[in-house]
Structure formats: C-alpha cells, structure tokens
Amino acid sequence: MSSRPRDAAGSAGERELLTAGDVARTIARMAHQVIEKTANGAESTTPPVLLGIPTRGTPLAARLAGKIGEFSGVRPPTGALDVTLYRDDLRRRPPRALEQTQLPPDGIDDRVVILVDDVLFSGRTIRAALDALRDHGRPRAVQLAVLVDRGHRELPIRADYVGKNVPTARTEDVSVLLAEIDGRDSVVLRAAEPAAAPGEDS
Amino acid sequence: MKHLLATDGLDPALATAVLDTADELKHTLLGREVKKLPTLRGRTVITLFYENSTRTRVSFEIAGKWMSADVINVSASSSSVNKGESLRDTALTLAAAGADCVIVRHPASGAAQRLAGWLAEPGTSVVNAGDGTHEHPTQALLDAATLRERLGSLKDRRIAIVGDVLHSRVARSNLHLLSALGAEVVLVAPPTLLPYGVESLPVTVSHDLDAELPAVDAVMMLRVQAERMHGGFFPSAREYSIAYGLSERRQKLLPDHAVVLHPGPMLRGMEIASAVADSPASAITEQVRNGVHVRMAVLYHLLASEGAAA
C-alpha cells in the first residue's frame, strides 16, 4: 500500500485552493449533481455504483455516496478500482505496489458506474480505469467525478462532475489531502520544483 | 528485481512486496469476467525445463498468460538439447529469439545462476524454477503466501519442515524465506537426510516428529526424492513412513489452527496419509492456486518496468 500521508507542512511556494470546509461543501454539491443527473432515489431507478480510484479516490467515493444517501435516502454501493496493471507508463517506472480493488457484491453489469478520483490531469488514469472496467463487466454507462480538474488533458476525456476547476501550469503540483489518509482535508497548489520527480499522471 | 534465483539473500522487503502484489492480484481476479490483465502485453516468457514438472510449468504458463505475456514452453526432451546442445547455447538461442524472461528448471544445482550470468548481456531475466537440490524460490513464495493467508502473519510462527531435507530445494528455499520473514523453522528428518552444514542454517533440528508437532503452527511435508537417492538413506519405505510420515494419529497431535502443506507431487501413504492430505487442515490445493498469483507477481516485478532496479 502506498497510501502514506502527504506532507502537510506549509512552505513558501504553496497555496491552499480548498479548505476543509470547502472540501465538505464541494462534495455535498457534487452529491446533489449526481442525484439530479442519475435520478437517484426515484423508485424506478437503480442507484449508480461509485468506484473510487486508489488511493484518494476510494475515500472520496465513500464520502460522496454518504452524502448522496443523506440527501436522497438511497446510499449507492461503493468500491475501489485499482488501475495500476492497466497503466500505459509501467515500462518507464520502477515496479509499483498494487492498491486494493473491491467491487460491490452485485457487480457492475447494467449499472451506471461513476468513477471517482481526486485530481483530473492528463486523463491517462481514467483511460486505464475504463480498460480495467471492461474486464470486470459491462456497465450501462460510465461517468466521471473528480474533486479537482486541473486541465492539461492528453486524451479526449472529460468529467461529468467537477468539484473545482483550477487553471494550473504543467509544472505545478496539485495535492488533495483527505482526513482518512492525510489527517486533514485540504487541496493545495504547489509551485514548480525544478528537481522534482515527474508528477503522477492523473 | 532483475532475476529471481534464490531466496537465500532475498531482501525481506522485496519478498513482502511480491507477496502483497500476489494478494492484490488474487483479489482483483476474483469473480471477474475476463481473467486476464494487459500488464505484460508484448513480453515473451520462455519456460525451459530439463526435468519433469506438471504444476510448476503449468502454473508459470498460466501466470504469464493471465498477465498477457506470450508464453512458450521448451522441454529438454523435445528440443535440440537432445542433439547435444549445451545449456549456454540453448539459453543464448532463446534470448536471441526474443525472450524477455527465461524460466529454467535444471537438475544441476546452480544452473539458474550460471544462466543469469550468460544472459546478462542480452538483458534477459532469469527465474529459477528449481535447480538440482539447491533452490526453488517461487515455491517458497507461494508457501509463504499460503501461510500468511491461513495464519495472518509469519512473525514468530513455528514451522516444521519434515522429511527429505537433504534433496529438497523446496526445503532450502523455504527455510531461508520463512526465517527472513520472521518465522522459526525446525527441520525434522533422519540424520541421513539432513544437509551438510545444517548447523550454519537459521533453523533448529529435530529427529522426533511426535515431540515437535504439538508446538508448531504449520507442518510442511516433503516428498522422498527417490530419483536423487543413490544409496541407503533409510532401511525401508515402511520404516520411513512410520517414523516421519504424517499419519492420522500424528495429525491429532497438531494444534487446531495448524496448517498442513505439501509442495507436491505427494506420495500418499508414504510421507502423508491420504486422509490428512484431504483434511480441512491441509492447504495443498490452496498452495497450487496461490502459486499462479505468486508467479504473476514475480513476473510483474521482473518485467513490468523497463528500468527495473537490479
């Protein structure tokens, strides 16, 4: 498991984009959007399945599902979908540890699946997730929810639910911190570090 | 990781990483529509077997195929080895033909190590699938995976390895790996079937199986390797079985949670009674199932990344 907490120490080139309160409000707003778009809670519809992409997509999916349950009365099932084995950059990196994959017991066939991730960047993670999903079953539709969309897409992929759009420079780094993993909620923009390792292709 | 040649000297952190990967692979493949991952697409894996094998060869082949590698099987009996080609030339041929990884089983101890030296230049990875009486590292990894699953952790667990330790590469790989992962290993065997230099190994030694059984968390029975025995190591098969076989009576001496392992192929009635092999305490079929996931994990750590650190 590579779910070590992110460094929470503030430094000079760092700006907080969302505070803990903002994160909670953003997730609540996204929950309302999901309910509206999927008609969750209506008698005739089966609730969507929320699949978080580890590491931070997993707790985000659980929180989003909690809010959807709170507002509509029906908590959608959640799970986790690790995409490591489907990534297109495996050859270029040292071998990485796999994260947990856990699908809801009823599976994903003929359900609306909402992929949940913290940051949308190049779109390559989502491409990998779509490939992974295809091996697990055949959803009726696949949607995407992200807390932060920072631009710089390298593939024709867009999110259906976006918490916050953040214009960034390619060299900047956007970190989502979540209480479940990092001890507190926050979204932080870090300035370019010349010697930094290439960022995660989110 | 460039090669997997032995568990002696294998970094426990790396071994744990492989076991964790195997765990997640098992999880992710559970109940899937398509039991295949695209991770090693375009990689070529060749199994080169100079000795008979069912489970190891099949397990590696399935592992490679489930990771989407192209797997080619070469057995010595149906190849140019029969015409007198040396191991080195055969290996260089396979590398030149495009193998990214050669999985080798050979009757000579140290064969995999030599192969890794010859293939250093083409950059082909080598996995030792059993070399003589030396090591069989993936068997030890799958045994460790099975024990972790059954017992939770290996830390401070007591594991008895029983029988023909002298000829057993499985025993050698296991005692190094299990003790590196924090377990206590006790070898139980007649004095004639213990290896030279056993006192320098990280194990304790016993000749009395009945005395050891009540205190162990797992017991690993070894096959008596008649094909490697040239001489009288014990008076008769019957006498061996009485002194060192895991009978139903002996099984009752084990604690309730204890696990029974056997690397296979089993000689029922010789080192293990049929009823014991088929009892709920036996993890023998789980070992085979875990073998596929462990070998997938090994191939992942060897081949997924181009710049894999040595």
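This is a predicted model: local features need pLDDT of at least 70, side-chain atom pairs count only at pLDDT 80 or more; totals for chains, interfaces and linings use all residues.
View 1. An unreviewed UniProt entry places the feature "binding site" at Lys83(B), Arg169(B) and Arg223(B). These positions are spread over 141 residues of sequence and are also spread in space, with up to 32.0 Å between C-alpha atoms. Lys83(B) belongs to the loop that runs between strand S2 (70-75) and helix H3 (87-96) of chain B. Because 6 C-beta neighbours lie inside 10 Å, Lys83(B) counts as exposed.

View 2. Helix H6 (residues 169-180) of chain B contains Arg169(B). This residue is buried, since 24 other C-beta atoms lie within 10 Å and the threshold for burial is 20 or more. When neighbours within four places in sequence are left aside, Arg169(B) is in contact with Gly130(B), Asp131(B), Gly132(B), Thr133(B), His134(B), Glu135(B) and His136(B).

View 3. Arg223(B) is situated in the loop between strand S8 (218-221) and helix H8 (237-244) of chain B. With 19 C-beta neighbours inside 10 Å, Arg223(B) counts as partly exposed. Residues up to four places away in sequence not being counted, Arg223(B) touches Asp164(B), Pro265(B), Met266(B), Leu267(B) and Glu271(B). One of these partners, Pro265(B), is joined to Gly264(B) by a cis peptide bond with omega about -10°. Pro265(B) is placed in the loop between strand S9 (259-261) and helix H10 (274-277) of chain B. Between Arg223(B) and Val259(B), the separation is 36 residues in sequence and 17 Å in space, C-alpha to C-alpha.

**View 4. Contact between chain A and chain B.** Chain B contributes 21 residues to the contact, and chain A contributes 17 residues. On the side of chain B that touches chain A, helix H1 (12-29) and helix H11 (284-303) of chain B each supply at least two residues. H1(B) gives the most to this side, with 7 residues. Classified by type, the side of chain B that touches chain A comprises 9 nonpolar, 7 polar and 5 charged residues.

**View 5. The two assigned domains of chain B.** The domain assignment divides chain B into domain 1 (12-133 + 288-303) and domain 2 (137-287). The C-alpha centres of domain 1 of chain B and domain 2 of chain B are 26 Å apart. Contacts between them involve 20 residues of domain 1 of chain B and 18 residues of domain 2 of chain B. H1, strand S4 (125-131) and H11 of chain B each supply at least two residues of the side of domain 1 of chain B that touches domain 2 of chain B. H11(B) gives the most to that side of domain 1, with 7 residues. By class, the side of domain 1 of chain B that touches domain 2 of chain B holds 10 nonpolar, 6 polar and 4 charged residues.

View 6. Thr55(A) is located in the loop between strand S2 (49-52) and helix H2 (57-72) of chain A. At 1.5 Å a residue, the 16 residues of H2(A) should span 22 Å, and this agrees with the 22 Å between its end C-alpha atoms. Buried residues of H2(A) include Leu60(A), Ala61(A), Leu64(A), Ala65(A) and Ile68(A). The buried residues of H2(A) pack against helix H1 (20-38), S2, strand S3 (78-80), strand S4 (112-120), S5 and helix H4 (179-182) of chain A. Just after H2(A), Gly73(A) adopts a positive phi of about 85°.

**View 7. Positive phi in residues other than glycine.** Most residues other than glycine have a negative phi. His152(A), which is not a glycine, has a positive phi near 65°. His152(A) lies in the loop between strand S5 (141-149) and strand S6 (161-165) of chain A, and counts as partly exposed because it has 15 C-beta neighbours inside 10 Å. In chain B, Ser68(B) likewise has a positive phi, of about 70°, although it is not a glycine. Ser68(B) is found in the loop between helix H2 (55-66) and S2 of chain B. With 16 other C-beta atoms within 10 Å, Ser68(B) is partly exposed.

Methods:
Residues are numbered from 1 along each chain as its sequence is written. Chains are lettered from A and ligands numbered from 1 in the order in which they are written. UniProt positions are given in the numbering used here, feature names are shortened, and annotations may be inferred rather than shown by experiment. Helices (H or I, at least four residues) and strands (E, at least two) are DSSP runs, numbered from the N terminus. A residue is buried if 20 or more other C-beta atoms lie within 10 Å of its own, exposed if 12 or fewer, and partly exposed in between; C-beta atoms are placed from the backbone. Two residues are in contact if their C-beta atoms, placed from the backbone, lie within 7 Å. Ala, Val, Leu, Ile, Met, Phe, Trp, Tyr, Cys and Pro count as nonpolar, Asp, Glu, Lys and Arg as charged, and the others, Gly among them, as polar. Domain bounds come from an automatic or database domain assignment. The expected span of a helix is 1.5 Å times one less than its number of residues.
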